[in-house]
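Trainee: I would like a close look at one part of this model. Please take me through it step by step.

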Amino acid sequence: MADLLSLQQRAAQGEKLAILTGYDASFAAQLEAAGIDAILVGDSLGNVVQGQRSTLPVTLAEMIYHTAAVARGAGNTFIITDLPFGSYQASPEQALQSACALMAAGANCVKVEGGAVMLETVSFLTARGIPVCGHLGLLPQSFNSLGGYKVQAKTATAAEQLLTDASALADAGAAMIVLEAIPAALAKQATDAIAIPTIGIGAGVDCNGQVLVLYDMLGITPGKPPRFARNFMADTNSISEAIAAYITAVKQRTFPADKHSFHAT
């Protein structure tokens, strides 16, 4: 079974980590069979499974349900689960209670959104044996305060704050950090500055790994796909081939290409 230490070591040795979201046992089994490095049970299920306009309506009970389903389908794969909106922001103690429920369902790590405001929570959880993945840049749970789903950290001040937050999260004990929708050069700076893996989504090729929403990668999400996504089904003949092609592209650094990345202006 893949474990956190082996993922961190492989990233430190220069191997790119390929991660996809997963929400059910059948897709999870396909991901595991293809050799995916980790599965993210994302609250993006609110958008792609439930048809919600955002991730905000997703509940902790729903995340527990989907985590358990993924764990049954991919029992030998490292599973990261999002703590959903409202389940961890009130206090570290609230976060601990929510994280324990997700870990009991099969998660190996929980993900929280935010920088400085999450440092106490990250430290509190990791001190109690719960691995935490941070998330900086575009924060889907905060899209209302960010003015929508926009590229983040484009100014010098915002970029400096992101670098500060990344280092602080690592110092607080975070196991890895997702960087979403930020300039590629900034993502490289953050990756070079910290000793834990960075996982990019719309953050350029220089992150230690990449993650995409599974349905975006398969080209089945309704509506216009995000710029940073690529439809791997377009050039393959099956779901298993598309997953394998994604993994190969991440490992060989052919994905993301420049057209899937953002740059400061």
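Which element gives the most to the lining of the second largest pocket?

Mentor: Helix H8 gives the most to that lining, with four residues. Keep in mind that this is a predicted model.

Start with the pocket itself. The second largest pocket has a volume of about 220 Å³. It is lined by 13 residues, and those closest to its centre are Leu-136, Gly-137, Leu-139, Leu-162 and Asp-165. Sorted by class, the lining holds six nonpolar residues, six polar residues and one charged residue. Helix H8 covers residues 156-172, and strand E5 covers 132-137; each of these two elements supplies at least two residues of the lining.

Six of the six residues of E5 are buried, so the strand is largely enclosed by the rest of the structure. Buried here means under 20% relative accessible area. Strand E5 pairs with strand E4, residues 109-111, in the parallel sense over two bridges. In that pairing, Val-110 has Val-132 of E5 as its bridge partner.

E5 is also joined to strand E6, by five bridges, and these two strands run parallel. Gly-137, one of the residues closest to the centre of the pocket, stands opposite Glu-180 in E6.

Strand E6 comes next. It spans residues 176-180, and five of its five residues are buried. Met-176, Val-178 and Glu-180 point one way from the strand, while Ile-177 and Leu-179 point the other way; all of them are buried. Beyond E6 lies a further pairing: four bridges join E6 to strand E7, residues 198-201, and these strands again run parallel. Within this pairing, Leu-179 stands opposite Gly-200 in E7.

In soluble globular proteins, nonpolar side chains tend to be buried together. The largest nonpolar core in this model has 84 residues, and Leu-179 is among those with the most contacts inside it, along with Leu-20, Leu-212, Met-217 and Tyr-246.

Tyr-246 shows what such a position looks like. Leaving aside residues up to four places away in sequence, Tyr-246 touches Ala-18, Ile-19, Leu-20, Ile-36, Gln-210, Val-211, Leu-212, Met-217, Phe-232 and Phe-255. Three of these partners, Leu-20, Leu-212 and Met-217, are themselves listed with the most contacts inside the core.

How values were computed. Residues numbered from 1 in each chain as written. Predicted model: local features only at pLDDT ≥ 70, side-chain atom pairs only at ≥ 80, totals over all residues. Heavy atoms only, no water. 1 Å grid on protein atoms, 1.4 Å probe; cavity = no way out; pocket = protein on both sides within 12 Å on 5 of 7 lines; lining within 4 Å. Points joined across faces, edges and corners; volume = space filled by probe spheres on them. Nonpolar A, V, L, I, M, F, W, Y, C, P; charged D, E, K, R; others polar. Core = buried A, V, L, I, M, F, W, Y, C linked by side-chain atoms within 4.5 Å. Buried < 20%, exposed > 50% of the residue type's maximum accessible area, 1.4 Å probe, protein only. Contact = heavy atoms within 4.5 Å. Pairing = 2+ DSSP bridges.
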